[in-house]
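Trainee: Could we go through this one together, a strand and some helices at a time?

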Amino acid sequence: MRNRIVEQDLREIAAERLPWERLQDAMVLVTGASGILASYVVETLLYLNETRHLNVRVLAIVRSLQKARHRFAHYERRAELIIRSHDMREPLFVEEPIDYIIHAAGQASPKFYGKDPVGTIEGHILGTRNSLLLAWEKGVKSMLQFSSCDSYGEGFSNEDPDTLDESFVGRLDPLADRSCYPMGKVASESLCRAYVLAHNVPVKIVRIAHTYAPLMPLDDGRVFADFIGNALREEDIALNSDGSAERPMLYIADAVRAYFRVLFFGKSGEAYNVAAEENTSIYAFAKLVARLAPCGGLHVTVKKEKRKGYLQAPKKQVKISIRKLQSLGYRQAHTLVDGMRRVLQSYEEKENE
């Protein structure tokens, strides 16, 4: 049985005024399909089959079949969902025609940056190259590349704008320990642009900011999962920093609506920020989760000793502009309070299933 909160999200996404009919009888390839963001894309496509009878077939490319089968257990008897295990660093061969590609594969959790920097950067660059080759070969109608707002870099100066739009050129230190992730994303974006110029591949890029979702794996390593895990275990929340860094935290239903809008309406070879309209500090976010925790009354503290292998993200007080995304007709629907309340409710629903 599908989780009630997820069901509500899928109903909301499917109600978005988008040309869903373009997906009629289409084959959609989704890489990294069992990840937090891409799995919601897969579920949206399957939900559209249920409610709009589009006959969309989904080829879900994953690294771990076991993880994917657990993630999509609710859909195990659905013939239109095909799950294939493949390392996207290797060329991908598909016999069937492909109409759309959503390339979301790649290590995104900070817990991988220190443990597997080679796999992180190679996964993004080689995975994108192989996805673009397949898009070119199949003549897809549209491809969506998942990138990151981390591509804007760090070390912002007083001369830099307070709000970053897609034209901003950031600063990245290629020799920084954490650079395996943002440098991989930057290189992937450049590959996309090259394939547009050389082969007219209709690839669009979404630069994704911090996004949270119902039923996130609590061992993911990102701040959302850590804090939610604390709340569900009735533990006080301990920060690895002073919590002053700010993030534009977006709820998954808003994010997925943005992804499909860019897939359908975005311009090839261009990037679109997908972020919340407002920033929230890590400390304020921790306080919110502590307040919304099912048990209530949790406290927020700062750790004296840092977690082993923890690579602290740069402090960012800048905002991410979504005006370009809004020009495509996008509007954010969920506040952080509303979104986090839904996330916590999703775990309560899971316990009652």
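Mentor: Happy to; your questions and my answers follow.

Mentor: This is a predicted model, in which local features need pLDDT of at least 70, side-chain atom pairs count only at pLDDT 80 or more, and totals for chains, interfaces and linings use all residues. Residues are numbered from 1 along each chain as its sequence is written, and side-chain values use heavy atoms, with hydrogens and water left out.

Trainee: How many residues of strand 7 are buried?

Mentor: Take the two faces in turn, with buried meaning under 20% relative accessible area (1.4 Å probe, protein chains only). Val203, Ile205 and Arg207 are buried on one side, and Lys204, Val206 and Ile208 are buried on the other. Strand 7 is largely enclosed by the rest of the structure, because the buried count is 6 of the 6 residues.

Trainee: Which residue of strand 12 stands opposite Ile208?

Mentor: Strands pair if DSSP finds at least two bridges between them. Strand 7 runs parallel to strand 5 with 6 bridges, and Ser148 stands opposite Ile208 there. Strand 7 also pairs in the parallel sense with strand 12, over 4 bridges. In strand 12, the residue opposite Ile208 is Val274.

Trainee: Are helix 5 and helix 6 roughly parallel or roughly antiparallel?

Mentor: Their axes, lines fitted to C-alpha atoms over the stretch in contact (heavy atoms within 4.5 Å), lie 8 Å apart at an angle of about 15°. Angles run from 0 to 180 degrees between N-to-C directions, and those under 35 degrees count as roughly parallel, over 145 as roughly antiparallel. So helix 5 and helix 6 are roughly parallel.

Terms used. Buried < 20%, exposed > 50% of the residue type's maximum accessible area, 1.4 Å probe, protein only. Helix = DSSP H or I, 4+ residues; strand = E, 2+ residues; numbered from the N terminus. Parallel < 35°, antiparallel > 145°, perpendicular 65-115°, else oblique.
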